[in-house]
Amino acid sequence: MFAGNSDEQLVGKALAGSARAWRQLVRRHEGSIYNLGYRLTGNREDAMDLTQEVFLGVCRGLHRFRGEANFRTWLFRIAHNKAVDLNRKRKLLELTGGLDENGEFREFTRAAAPSDTPAAGAEPDHDLAADERNRLALGLLQRISFEQRLVVELKIYQSLTFEEIARMQEISVNTAKTRFYTALKKMRLATEEEHALLEN
Amino acid sequence: MPCSRTEHLLREYFADDLDPVVRAEIEQHVGNCPDCAGELRQLLGATADLRRWRELPPPRWHRHLALFKRERGAGATGPSGWRLAWQWLPATACALMLGLVLLNTSVVYRDGVVEIGFGSPSMAEVDRRLAEFQREQAEERASFAATLARFEQLRAQDLETIQASYEWLADRDYETVQSLRQLVSFVGSSGVATW
């Protein structure tokens with residue numbers, strides 16, 4: 001019914017009280033947010049928690065969306081902030097859980113356990129090659145810090161410019177570029193180490 | 001010894017709006033520097049691995065609707081537009097029926113008792129009201145006839161009074177004429193004798 005409507009039109013109708021418009025808005029964007037959450041958190045449960053938190057935030061703040069920015073940009077800004085909040089809460093919760101092997105607090109991501117990967121997931125139509133690609137990406141992402149992962153997410157998957165990333169994270173453009181470069185370098189080093197271990 | 005320019009050059013390599021001149025310079029350097037070439041290849045490999053992510057469908061969840069209805073309050077409704085307008089039909093029909101009932105309600109005060117009736121009056125009520133109307137009309141007619149009779153009686157009395165007055169006046173006039181005649185005859189007879 002609302003399939004042909006733009007995001008901004010759907011927001012207007014949802015603000016007028018239309019639950020159908022809201023459902024359409026959620027259906028249109030939940031996949032992107034869920035995948036973002038999965039890549040940032042490394043597991044499906046946290047990804048779903050984040051998705052729900054994001055849409056709760058969107059629902060509560062819908063009246064503040066004035067259409068000046070693109071809805072998707074606004075949505076991903078909320079997702080970014082929610083992810084940062086959840087990571088902060090997770091860190092606080094895990095204070096009692098001790099430190100990781102490097103003496104640092106555990107972050108949002110835990111190693112992508114086999115049960116979290118799509119290969120063992122519930123979807124019956126999973127594609128093993130695609131699952132392997134996701135597993136590889138998650139493996140790389142868990143090698144970097146949460147802040148670096150956010151920059152990689154926004155740059156690689158959301159195709160934001162460094163300027164937009166800097167504005168969203170309230171950092172300088174140079175810092176965003178450095179985080180991205182350092183993240184790629186860390187992932188490369190981790191891959192090299194893995195290869196070296198396998199060869200030995 | 002690793003190249004000292006690797007970090008600076010490759011950091012800029014991923015910039016969004018890289019100047020073509022700078023890009024050409026970087027590519028020229030990378031073409032001549034095995035350290036930078038190797039590192040760039042591996043960084044590009046990492047980004048390629050990341051880009052091969054397959055989008056996963058999210059699990060089905062319906063809580064967002066409950067969230068929406070809770071957050072948007074009573075104003076949140078499923079359908080919209082013309083379907084929303086249909087929801088007013090029952091309320092409108094109820095209002096119309098209530099109006100009809102109120103319009104057909106009659107409140108009557110009779111003999112110190114207030115009677116409230118709904119709908120049209122019955123035939124017995126119509127007969128009763130007609131009889132009452134006819135009785136009132138008969139009373140008014142009787143009252144009018146009595147008044148008329150009283151006026152007739154007064155008129156007859158007035159006529160009698162007028163008749164009597166006229167006769168009295170006529171009698172007095174006759175007496176006056178007779179007196180004058182006697183006076184004239186008396187004066188005539190005594191005057192002739194004196195002169």
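**Exercise 1. In what order do the elements of chain A run from the N terminus on?**

Start at the N terminus and read along: the order is α-α-α-α-α-α-α-α. Next, tally by type: chain A has 8 helices and 0 strands. Helices here are DSSP runs of H or I with at least four residues, strands are E runs of at least two, and both are numbered from the N terminus.

Before going on, know that this is a predicted model, where local features need pLDDT of at least 70, side-chain atom pairs count only at pLDDT 80 or more, and totals for chains, interfaces and linings use all residues. Residues are numbered from 1 along each chain as its sequence is written, with chains lettered from A and ligands numbered from 1 in the order in which they are written.

**Exercise 2. Find which residues touch the most other members of the largest nonpolar core.**

First, the term: such a core is a set of buried Ala, Val, Leu, Ile, Met, Phe, Trp, Tyr and Cys residues joined through C-beta atoms within 7 Å. Buried means 20 or more other C-beta atoms within 10 Å of a residue's own, with C-beta atoms placed from the backbone.

Now pick from its 50 residues: L25(A), A79(A), V151(A), V152(A), F180(A), A183(A) and L184(A). Helix 2 (residues 19–41) of chain A gives the largest share, 9 residues.

**Exercise 3. Work out how many residues of chain B are in contact with chain A.**

Contact means C-beta atoms, placed from the backbone, within 7 Å. Counting gives 34 residues of chain B against 40 of chain A. Helix 4 of chain B supplies the largest share of its side, 8 residues. For one example, L184(A) touches L43(B), A46(B) and T47(B), not counting residues up to four places away in sequence.

Definitions and conventions
Contact = placed C-beta atoms within 7 Å. Buried ≥ 20, exposed ≤ 12 C-beta atoms within 10 Å, placed from the backbone.
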